Amino acid sequence: MSASVKSPRAPLTPLSEDVWPDSTEVLIMGGGPVGLSCAIMLAQRGIDVLLVERRDFVFRFPRAHLLNPRTMEAFHDMGVADDIYRATPTHDRWRKAAWYTTATGPGRFDGMKIGDVPAWGGGPDAARYRSSSPRAFANMPQLRLDPLIHRHALAAAPGRIRSRQEVVAIEQDAESAIVSIADLETGARRTVRARYVIAADGGRDSADLLGVELEGPRDMREVVNYHVSMDLSAWSEPDALLGHFLHPAGGARRRGTIQALGPTHYNRDSEEWLVSVAAWMVEGDPEDEAALFASIRRMLGLADDHEITMHSMTRWSYHGVVAKQFRDGRVFLAGDAAHKHPPTGGLGLNSGIQDAQNLCWKIAAVLDGQAPDALLDSYQAERRPVVAWYTAHSLENANRHPPIAEALGFCDDEEEGFRGLETFVSDTPEGAAMRERVAAEVAHNAHDYSQLGVEAGYHYWAGALVPDGTPVPGDPNDPVTFHPTSRPGHHLPHVWLAGVESSEGAPLSSHDLIASTGLTLITSESAAPHWREAVAAIAGEMPLTVVTIDDDDAAWGAVRQLDDDGALLVRPDRKVAWRAATLPADPGGELAAALEIILRGGDAPAGDPAEPYLRRIRAAANVLVR
């Protein structure tokens, strides 16, 4: 390590909850998973934080549930991952999405399976998902995830997680943001000065307070969600976590979706379910529980008296919006405050946690004097194009169900739809051709459920990195295929290191070598003396940790894209910041030049990398509305 490394900060001392500080280093608006994760990440680095949430911390609705490998890497760093895995199904049969006419029912075509696809690293996807990360995909409904993260935040930032507190004004000067907070229980008003503010409130207050414009289509489709208990053991599908329902009575429109919530079983024996019903399916008064239950029973083919217990419900609409700016002075937008898109693809919560991971290491580096404030400008440069891509991809995924119905012959004429089903099940050349077309349309949903290229392959076009002029491997618009690469802006490739174990005897990944603070330089054992000498020659505040991998490690050699004497400079979020394919003539000079670019947030790209995705958002929205 360089001689300038400082000792890590001490953990935060407890703060009495009846004491309000006059100032804090970072104030966080919003106590959802993104805000709570920010609190944990910063507190673990010793940064003084204060989180305020206008609601209580009673978590009432399931919401998101899929946690992809990159998000689980962040949760692993936070010390949350093991708790999540303990609550995740212990088998892999849940990793499947299926399409049916109904779940059950007396009619000839009731309960008929249309098709299925592997999902979330299951089935034939298992090997390639395992090769992308040391952390596995997880499934935990937000109803249970949020309390878990909340408990960890309380432990990491004791006394600093406050409920029923609403931010009512934000003013800024050259040194801080002055945040006015209203106590919703007592009516008291107070102000807190913060060096920085993270708005992770879903845009509920921050949108009005900051006036940041979100561009993109809104209110494209209304959906009604119900959290219910019901018995679906009669459903013939034994394993799928997620079921979609298409029926001649709905024409080419998807009628709705069910998701098993457990908490014991995550298949047809699930005790609880999240049921999403298209708003047009609700006949009668939408506020009448009887009408709501009737829509569920009609979608699933259940008897009129089939017992359903309602726990909660919500109405929401599809949006596809991305903030024009993710930074307003000392205030940063994260999660839904900066971007909103449909749940297709399960990228909402995941992208929010990845926002937090990107932003928090940079804020900590600036507050610790390791980097200038300009580093924080790279947050927008890096995250905005990625979430624009995610938004476009999610909207496109939402359009992948009608082609299945159309391949079945479903249309405005219900009887024509039933004739299509007669053909679908027939032992005729026409039936075989239809089944082939339907299977192809179902398989196209790999873009939603096998999207490893999106989940693990997202990269940064510009920001706190030094591009090396090499092309993006493969097709950058392919959402399925993942190409591990050490190209700057991409995620460090994961391999299990040969003959290396942790102190507990567990295998070590290349990911496990990365320091939680500062930057990490990875090189070979044989080249390490040269690179250590280069690091020692650099005078600066940013810690640099040199780690080595055996020259003969075949797995690492296959993915490193370096000569034996080359090196990678990797950030705490495991994004490659700089690559020297071979030892430069002046390694210290090259490394110092790279650090200067990285710490000032990099160079601006020639154009706006988000713009192609904003065009895709508009195109997909037009199809979705029709």
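User: What is the strand order in the open sheet of seven strands, and what is the pairing called?
Analyst: This is a predicted model, and in it the order reads β5-β4-β13-β14-β15-β12-β16, with mixed pairing. Neighbouring strands there are turned by 20 degrees against each other on average, direction ignored.

User: What makes β5 and β16 the edge strands?
Analyst: Each of them pairs on one side only. For β5 that's residues 113-118, and for β16 it's 308-317. Pairing has a simple test: DSSP must find at least two bridges between two strands.

User: How do you know that β12 and β15 pair, and in which sense?
Analyst: Count the bridges. Strand β12 (residues 222-230) and β15 share seven, and the cut-off is at least two, so they count as a pair. The sense is antiparallel. You can look at Val228, which sits opposite Trp273 of β15, or at Tyr226, whose bridge partner is Val275 in β15.

User: What joins β14 to β15?
Analyst: Six bridges do, and the two strands run antiparallel. Strand β14 covers residues 256-262. Thr257 is found opposite Ser276 of β15.

User: Why is β15 called mostly covered?
Analyst: Buried means under 20% relative accessible area, and seven of the seven residues in β15 (272-278) are buried. Glu272, Leu274, Ser276 and Ala278 point one way, while Trp273, Val275 and Val277 point the other way, and all are buried.

User: Which helix lies across β4 and β5?
Analyst: That's α12, residues 429-443. Its angle to β5 is about 40 degrees.

User: Why does Val212 count as buried?
Analyst: Its relative accessibility is 11%, and the limit for buried is under 20%, so Val212 qualifies. You'll find Val212 in the loop between α6 (206-210) and β11 (214-215). Leaving aside neighbours within four places in sequence, Val212 touches Ala207, Ala323, Gln325 and Leu333.

User: How far apart are Val212 and Arg130 in space?
Analyst: They are 39 Å apart, C-alpha to C-alpha, with a sequence separation of 82 residues.

User: Why is α1 called roughly parallel to α8?
Analyst: The axes of α1 (residues 33-44) and α8 (residues 348-367) cross at roughly 30 degrees and come within 9 Å. Angles under 35 degrees count as roughly parallel, so that is what α1 is to α8. The crossing is right-handed.

User: Which residues of α1 meet α8, and which kinds make up the contact?
Analyst: From α1 you have Pro33, Val34, Ser37, Cys38, Met41 and Leu42. They meet α8 residues including Leu349, Ile353, Cys360 and Ile363. The contact divides into 11 nonpolar, three polar and no charged residues.

User: What makes β24 and β26 edge strands in the open sheet of four?
Analyst: The order there is β24-β23-β25-β26, with mixed pairing. Both β24 (544-549) and β26 (576-580) have a single partner strand, so one side of each lacks a neighbour in the sheet. The twist averages 20 degrees from one strand to the next.

How values were computed:
Residues numbered from 1 in each chain as written. Predicted model: local features only at pLDDT ≥ 70, side-chain atom pairs only at ≥ 80, totals over all residues. Heavy atoms only, no water. Axes fitted to C-alpha atoms, helices over the stretch in contact; angles between N-to-C directions. Parallel < 35°, antiparallel > 145°, perpendicular 65-115°, else oblique. Left-handed = near helix turned anticlockwise from the far one by under 90°. Contact = heavy atoms within 4.5 Å. Nonpolar A, V, L, I, M, F, W, Y, C, P; charged D, E, K, R; others polar. Buried < 20%, exposed > 50% of the residue type's maximum accessible area, 1.4 Å probe, protein only.
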